[in-house]
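Colleague: Before we discuss the terms used for this protein, may I see the sequence and the structure?

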Amino acid sequence: MVRALVFDVGETLIDETRIWSRWADRLGVTPFTMLGVLGGMAALDRSFEDAFRLLRPGFDVEAEQEAWKRDDPAGLRVNFDADDLYPDVRPGLAALRGLGYELIIAGNQPPQAYDALAAMDLPVDAIHTSDGWGVAKPAPEFFAKVVAVSGRAPEEILYVGDRLDNDVLPARAAGMRTALIRRGPWGYLHAERPQAAGADHIVDDLHTLVAVLTR
């Protein structure tokens with residue numbers, strides 16, 4: 001029986017449209033171009049860093065972020081806030097908590113993401129980031145951390161994410177149950193792949209997840 005739900009962040013809880021649109025402005029391309037190239041990288045199993053390098057050969061992501069921070073220290077830049085939450089997240093989490101599940105957020109995120117998530121006052125029991133743990137998905141050590149912080153057996157944990165490679169497959173290898181959420185480019189593309197059959201559930205949003213778990 002599932003007793004704890006663990007959630008990825010980007011394109012699971014957070015809509016990254018505004019982040020990528022700001023990147024488009026920073027790079028001097030249209031949002032359509034930025035998002036289209038990003039989708040192409042997702043389809044080709046290439047990283048988002050490759051999208052930058054395709055648009056700007058030799059592009060240094062970290063150096064550009066530092067320059068951006070100097071140029072716009074008060075702006076959100078590559079960060080997010082409560083306005084970026086998908087609209088189903090807050091009520092969906094509240095409904096899941098009402099069903100008695102332990103709720104944990106744990107995803108690949110930089111240092112500032114913890115404070116941003118904590119400020120949202122979401123109905124969750126704990127928030128963890130890859131930066132805080134010093135290990136990132138899809139490393140097995142990340143999912144070992146998930147098990148450790150939950151204090152539960154792996155089979156009692158349902159990991160929810162938008163990617164097969166970073167979420168479903170490694171969580172399943174760690175003995176957890178999994179849910180693939182169909183949103184963001186990776187979510188829609190990965191839901192069509194044969195490996196998606198390995199997920200316990202494929203859902204479109206947290207309302208659907210609530211309905212599935214209630215049944």
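Modeller: What follows is a set of questions about the terms applied to this structure, which is a predicted model.

Colleague: What can be said of β5 and its partners?

Modeller: Strands β4 and β5 pair in the parallel sense over four bridges, with Tyr159 opposite Thr178 in β5. Three bridges join β5 to β6, and these strands also run parallel. In β6, His201 is the bridge partner of Ala179.

Colleague: What makes β5 a mostly covered strand?

Modeller: Four of its five residues are buried.

Colleague: Which residues of helix α9 are buried, and what covers them?

Modeller: In α9 (residues 164-173), the buried residues are Leu164, Asn166, Asp167, Val168, Pro170 and Ala171. Their cover includes α8 (140-150), β4 (157-161), β5 (177-181) and α10 (184-191). After the helix comes Gly175, whose phi is positive, near 95 degrees.

Colleague: Why is Asp84 called buried?

Modeller: The limit for a buried residue is a relative accessible area under 20%. The value for Asp84 is 3%, so Asp84 is buried. Asp84 is found in the loop between α4 (61-71) and α5 (89-98). Apart from neighbours within four places in sequence, Asp84 is in contact with Leu13, Ile14, Asp15 and Arg18.

Colleague: Why is Arg152 called partly exposed?

Modeller: Partly exposed lies between under 20% for buried and over 50% for exposed. Arg152 has a relative accessible area of 28%, and therefore counts as partly exposed. Arg152 is found in the loop between α8 and β4. With neighbours within four places in sequence left aside, its contacts are Arg3, Ala4, Glu102, Val147 and Ile157.

Colleague: Why is Asp121 called exposed?

Modeller: Exposed requires over 50%, and Asp121 has 62% relative accessibility, so Asp121 counts as exposed. Asp121 is found in the loop between α6 (111-119) and β3. Its phi is positive, about 55 degrees, although Asp121 is not a glycine.

Colleague: How do you know that Asp45 is exposed?

Modeller: By the cut-off of over 50%, the relative accessible area of 52% makes Asp45 exposed. Asp45 is found in the loop between α2 (31-43) and α3. Asp45, too, is a residue other than glycine with a positive phi, near 60 degrees.

Colleague: Let us turn to the aromatic rings. How many aromatic pairs are there?

Modeller: Rings pair if their centres lie within 6.5 Å, and the count comes to ten aromatic pairs.

Colleague: Why is the pair of Trp23 and Phe52 called tilted?

Modeller: Planes under 30 degrees apart count as stacked, over 60 as edge-to-face and the rest as tilted. The planes of Trp23 and Phe52 are at 55 degrees, with the ring centres 4.6 Å apart, so the pair is tilted. Trp23 lies in helix α1 (residues 17-27) and Phe52 in helix α3 (residues 48-55), 29 residues apart. Both Trp23 and Phe52 are buried.

Colleague: What makes the pair of Trp23 and Trp68 edge-to-face?

Modeller: The angle between the planes is 65 degrees, and over 60 degrees counts as edge-to-face. The centres are 4.8 Å apart. This pair links helix α1 to helix α4, with Trp23 and Trp68 45 residues apart. Trp68 is buried, as is Trp23.

Colleague: Which residues form one aromatic cluster?

Modeller: The cluster consists of Trp20, Trp23, Phe48, Phe52, Phe59 and Trp68.

Definitions and conventions: Residues numbered from 1 in each chain as written. Predicted model: local features only at pLDDT ≥ 70, side-chain atom pairs only at ≥ 80, totals over all residues. Heavy atoms only, no water. Helix = DSSP H or I, 4+ residues; strand = E, 2+ residues; numbered from the N terminus. Buried < 20%, exposed > 50% of the residue type's maximum accessible area, 1.4 Å probe, protein only. Contact = heavy atoms within 4.5 Å. Phe/Tyr/Trp six-rings, centres within 6.5 Å; stacked < 30°, edge-to-face > 60°. Pairing = 2+ DSSP bridges.
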